[in-house]
Amino acid sequence: MEERSFAAKVLAWFDRNGRKDLPWQQSPEPYSVWVSEIMLQQTQVAAVIPYYQRFMELFPDIQALAVAPIDAVLAAWSGLGYYARARNLHRAAEIIARQEGFPDTLEAWMKLPGIGRSTAGAILSIAYSTSHPILDGNVKRVLSRFYAVHGWPGKSHVARELWHLSAECTPQERVADYTQAIMDLGATVCRRSKPLCQICPLNEECRARRENRIAELPGRKAGRPLPAKQCVFLLLQDDPGKRILLERRPPRGIWGGLWSFPEYRDIDAALSWCQENAVPVHRHQTLTSRRHTFSHYHLDYTPVLVHTENPKHFVMESGGAVWYKVETIAKLGVPTPVRQLLQTLSCDEDNND
DNA sequence: AAATCGGGGGG
DNA sequence: CCCCCAGATTT
């Protein structure tokens, strides 16, 4: 019941708004549908169009592709990426040419290299009008949102659930249009970011939308949680000259060789350092902690702003530290968090002056 | 800088 | 079953 209205709504949307003039939609023959579906794996429509047109000129039918040298096929593929697709396409063409005509069952298509369940389903439903579900990235997105299926689709139990839903939603009638429609809807309306829910034909019953969970669906791959490290940055400011102390970081490690604030384990360590180095702490203020993420860990840093009166007593190690005027630091090689903090500082000064 | 995308292949 | 990869593009 609900499934019927699902397909009916998707088809009605397709009739009014779907793309029906794409090059491979002009005549639904197995060869052109197959070539286009392989190209559309992992690749967006706009990128595929010129490649598809050139490919069909060079290899207009299965025989032409089967007898072509692999180098010619790869040359035609050059720039599309995932070149295993081209090699599989060519191998499959040789196999098909040896047989009598194209396969006409799901199982037979799936035996060919480069064709899995989803691509086989697309070819059969579009070129043969036999009802088979598909589950490409677009359909995963539409279904996981519409039914609020949580979890990363790469997990087998999530994929099973989505395949089940896709099969339920796939109609017997007009299956070729439906397959194009659901992919088109996912690509143009139910987009990964900034989906156009206002104009979506499924918006009223979409569970993700009703529950305000569009952004979290489909679930992402559980990236290994990065470890978090904590530190304190000492923002030492001399009130008379409005200068900030920067240190050059060691050549190895994060921000190697860049200029940064002196770094400590915690606030006590920072303040002790001031005391031990005869830096009179006029007043100090702990700012809100922030997070900076590296490829391998998060750095949660707490800026401690210390105003000091007379930095003349402080002797810097040779070349290791330097006082900079906040305005001139912008030109210096400093890491992003340092640049951001300096910006905050100068803004606050503007406000306070 | 990170996420994405369907199928193949290896542990 | 689970994880990783290819590669160019998008955010």
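This is a predicted model: local features need pLDDT of at least 70, side-chain atom pairs count only at pLDDT 80 or more; totals for chains, interfaces and linings use all residues.
I started with the DNA: 19 residues sit around DNA strand B, and Q42, G114, T119, D136 and G137 come nearest. I then checked which part of the DNA faces the protein, and sugar and phosphate make up 68% of the atoms of DNA strand B that come within 4 Å of the protein.

Next I went through the phosphate contacts. G114 puts a backbone N or O atom 2.4 Å from a phosphate oxygen of DNA strand B. For G116 I also found a backbone N or O atom by a phosphate oxygen of DNA strand B, at 3.2 Å.

Which helices supply at least two residues each of the surface near DNA strand B? I got α8 (117–127) and α9 (137–146). I sorted that surface by class too, and wrote down five nonpolar, eight polar and six charged residues.

**Helix pair α5 and α6**

I moved on to how the helices pack. Helix α5 covers residues 70–77 and helix α6 covers residues 84–98; their axes come within 9 Å and cross at roughly 140 degrees. The cut-off for roughly antiparallel is over 145 degrees, so I have to log α5 and α6 as oblique to each other. The crossing of α5 past α6 is right-handed.

I listed who touches whom. From α5 I have I70, V73, L74 and W77, and they meet R85, A86, R87, L89 and H90 of α6. By class, the contact of α5 with α6 comes out as six nonpolar, one polar and two charged residues.

**Helix pair α3 and α5**

I looked at α5 again, this time against helix α3 (residues 45–58). The axes of α3 and α5 come within 9 Å and cross at roughly 155 degrees. Oblique or roughly antiparallel? That angle is over 145, so α3 and α5 go down as roughly antiparallel to each other. I noted this crossing as right-handed.

On the α3 side, Y51, R54, F55 and L58 make the contact, and on the α5 side it is V73, A75, A76 and W77. My class tally for α3 with α5 is seven nonpolar, no polar and one charged.

Key
Residues are numbered from 1 along each chain as its sequence is written. Chains are lettered from A and ligands numbered from 1 in the order in which they are written. Side-chain values use heavy atoms; hydrogens and water are left out. A residue is near a molecule or strand if one of its heavy atoms lies within 4 Å of it. A polar contact is a pair of N or O atoms within 3.5 Å; within protein, one must be able to donate a hydrogen and the other to accept it, and residues adjacent in sequence count only if both atoms are side-chain atoms. Helices (H or I, at least four residues) and strands (E, at least two) are DSSP runs, numbered from the N terminus. Ala, Val, Leu, Ile, Met, Phe, Trp, Tyr, Cys and Pro count as nonpolar, Asp, Glu, Lys and Arg as charged, and the others, Gly among them, as polar. Axes are lines fitted to C-alpha atoms, for helices over the stretch in contact, and angles run from 0 to 180 degrees between N-to-C directions. Angles under 35 degrees count as roughly parallel, over 145 as roughly antiparallel, 65 to 115 as roughly perpendicular and the rest as oblique. A crossing is left-handed if the near helix is turned anticlockwise from the far one by less than a right angle, and right-handed if clockwise. Contact means heavy atoms within 4.5 Å.
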